[in-house]
Amino acid sequence: MERLNELNDLLNKLEERHIFYRLSKIRSESIMIEVAVPGQRWEIEIMEDGTMEIEKFISDGDMYDEKELDVLFRDFSD
């Protein structure tokens, strides 16, 4: 139950700071908290053994128009 309390504490801290998040699960051994803040997105994974992995995706500030969709589809489609 201690791990559940730690997860709940982390979620409460995000809520207290009005930071948007959502819970998801992409690996069988972890729960993911996806966080969105201006210019960044974080993936916080809490593993079954209690360890935590955090990956940050940081924007370079560049903005694109709709033509970028063609590039994204070309580069990331199967």
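Glu43 is found in strand S3, where strands (E, at least two residues) and helices (H or I, at least four residues) are DSSP runs numbered from the N terminus. This is a predicted model, in which local features need pLDDT of at least 70 and side-chain atom pairs count only at pLDDT 80 or more, whereas totals for chains, interfaces and linings use all residues. Residues are numbered from 1 along each chain as its sequence is written, and side-chain values use heavy atoms, with hydrogens and water left out.

With a relative accessible area of 18%, Glu43 is buried, a term that means under 20% relative accessible area, with exposed over 50% and partly exposed in between (1.4 Å probe, protein chains only). Leaving aside neighbours within four places in sequence, Glu43 is in contact with Met32, Ile33, Glu53, Ile54, Glu55 and Phe57, contact meaning heavy atoms within 4.5 Å. The C-alpha atoms of Glu43 and Met32 are separated by 6.5 Å, although the two residues are 11 apart along the chain.

Turning to the sheet, four strands form an open arrangement in the order S1-S2-S3-S4 with antiparallel pairing, two strands being paired if DSSP finds at least two bridges between them. Strand S1 (20–24) and strand S4 (52–58) stand at the edges with a single partner strand each, so one side of each is left without a neighbour in the sheet. S1 pairs with strand S2 (residues 30–37) in the antiparallel sense over five bridges, and Phe20 stands opposite Ala36 in S2.
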